[in-house]
Amino acid sequence: MKIKINHELCKDWLNEKDIKNLIPKMTAAHEALHQHNGLGSEYTGWLSLPENHDKMELMRINDCATEIRKKCEVFLVIGIGGSYLGAKTAIDLLESDGIIGAPIVLFIGNTLSATKIKQVLAFIQNKEVIVNVISKSGKTLEPALAFRFIYGFLLEKYGKKEAMKHIVITTDKEKGLLKPFALENNIPTFEVPDDVGGRFSVLTAVGLLPMAVAGINIQDIMDGALEGMNEYAVNDISENNCYRYAALRYLMYKKLQKKIELFAYYEPNLGSFAEWLKQLFGESEGKQLQGLFPASVCNTTDLHSLGQYVQNGERILFETTLWIDKPMNNLKVPTIPDDYDKLNYLTGKDVSWINRMAMQGTVEAHYAGGIPGISLNIEEISAFGIGKMFYFFEKACGIGGYLLEINPFDQPGVEDYKSNMLNLLKR
């Protein structure tokens, strides 16, 4: 599975010499990451996960998922940020929730909305439910509050002893509030590795258990990530598309002084993937008053709203188009006898071809309007391909952070809002 990069639509602003001039800086970033001596290196365990993950743990995840699929109609995942976005990405891309033999997978605990909690409680009222609580500390307010409601529901529905059989916990192996709760009540647990931060945790039990419950082959996910790990290990911008992408982003920011990377996608089921990208890059790079702001649009839908700004607004952004070469589904345009809409000239054409023409017309218009563009062409959507996509962007993010000379693996700004919020609540 290939992820190809095309930056022809940057040629008026960036050239190959600009990229080659980054080689010394890229080499330093590569060595810092791979020798685990850069900023935040204690959280770089994700780098070798595709090869060095615990094989027995993967089997246990699969076994647990098999049992869950037999026992419940709804699998409720409680988590926020990296504790749910990766799994939701894979499930949405493969449309696995709702397949024959699989429970419905729902996500909660990612907002403080009473409406959302009430909707979920109403939906699961008369259904068999198993809950996966995902939190390293157990103290993050959104998932903790959601679990308080769901825990009460389980106690009322099943009684305490039986309720514990409807809970699976993914948390720190020793610390936090959830581990002792799990031990006291004999609840099965999976670990969040100490050396893997939340937004890089999709290839751990955090992401893999919900994927497996939804019917996704998680070995294929890991195999795709392994191909990515090997392919993107070479420190050569001319051969390594992951590093080339990281270099282009850096140049957009530093040389062209762009402030926003706009991820544009043309298949709606890439929406969760865009949200995963926004967390990955936003939390990793938004530090020390620098970093690109990650945003996204779903085209052609958003061409009828934000498209006007992109075409004629301030020149503060560049566009990264995510394109799937082989769509999962297709349709041919039918003939209408009276041709009332004057579209019979499209009879027999694939809708995916029409979508491609819309994409090409859009990026060319944006280029003519002064918007540099990068295209990332993803060969196909499969479990294997998704695993490789995850690794591609994680590696680009890690390298990109080191190019900016920041720690891409912490999130001190997140703690500021949490502290203020908790002080207000306690007051």
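This briefing covers salt bridges, a strand pair, selected loop residues and a surface patch. The model is a predicted one. The whole structure holds 18 salt bridges. Strand β8 (residues 293-298) is largely enclosed by the rest of the structure, because five of its six residues are buried. A nonpolar patch on the surface is formed by L112, L145 and F149.

**Salt bridge E16–R244 and the surroundings of R244**

- E16 and R244 join their side chains in a salt bridge, at 2.6 Å from N to O.
- This pair links distant parts of the chain, with E16 in helix α1 (residues 16-20) and R244 in helix α12, 228 residues apart.
- E16 is partly exposed, at 34% relative accessibility.
- R244 is buried, at 9%.
- Helix α12, which holds R244, spans residues 241-254.
- The R244 side chain also reaches the backbone oxygen of I237, at 3.1 Å.
- Beyond its neighbours within four places in sequence, R244 is in contact with I5, H7, E16, I19, I237 and S238.

**Other salt bridges**

- The side chains of E283 and R199 form a salt bridge at 3.0 Å, N to O.
- E283 sits in helix α13 (residues 271-285) and R199 in the loop between β6 and α10, so this pair ties together parts 84 residues apart in sequence.
- E283 is partly exposed, with 23% relative accessibility.
- R199 is buried, with 4%.
- R249 and E261 meet through their side chains in a salt bridge of 2.7 Å, N to O.
- R249 belongs to helix α12 and E261 to strand β7, so the bridge ties together parts that are twelve residues apart in sequence.
- Both R249 and E261 are buried.
- A network of salt bridges links E227, E231 and K388.

**Strands β7 and β8**

- Strand β7 (residues 260-265) runs parallel to β8, and six bridges join the two.
- Within this pairing, L262 stands opposite A295 in β8.
- C298 is a residue of strand β8.
- C298 counts as buried because its relative accessibility is 14%, under the 20% cut-off.
- Setting aside residues up to four places away in sequence, C298 touches Y265 and P268.
- From C298 to Q35 the C-alpha distance is 38 Å, across 263 residues of sequence.

- T44 lies in the loop between α2 (23-34) and α3 (49-52).
- Its relative accessibility is 2%, so T44 counts as buried.
- A polar contact of 2.7 Å joins the side chains of T44 and H36.
- Leaving out neighbours within four places in sequence, the contacts of T44 are L33, H36, D195 and F409.
- V196 is in the loop between β6 (189-191) and α10 (205-213).
- V196 counts as buried, with 1% relative accessibility.
- Not counting residues up to four places away in sequence, V196 touches Y43, G45, W46, L49, K136, S201 and T204.

**Nonpolar surface patch**

- L112, L145 and F149 together have about 260 Å² of accessible area in the patch.
- L112 is placed in the loop between β3 (104-108) and α6 (114-124).
- L112 is partly exposed, with a relative accessible area of 47%.

Methods:
Residues numbered from 1 in each chain as written. Predicted model: local features only at pLDDT ≥ 70, side-chain atom pairs only at ≥ 80, totals over all residues. Heavy atoms only, no water. Helix = DSSP H or I, 4+ residues; strand = E, 2+ residues; numbered from the N terminus. Buried < 20%, exposed > 50% of the residue type's maximum accessible area, 1.4 Å probe, protein only. Polar contact = N/O pair within 3.5 Å; in protein donor to acceptor, adjacent residues only side chain to side chain. Contact = heavy atoms within 4.5 Å. Patch = residues over 30% accessible without salt bridge, like charges linked within 9 Å, V, L, I, M, F, W, Y side chains within 5 Å. Areas by Shrake-Rupley, 256 points an atom, 1.4 Å probe, with all protein chains shown as cover. Salt bridge = Lys/Arg side-chain N within 4 Å of Asp/Glu carboxyl O. Pairing = 2+ DSSP bridges.
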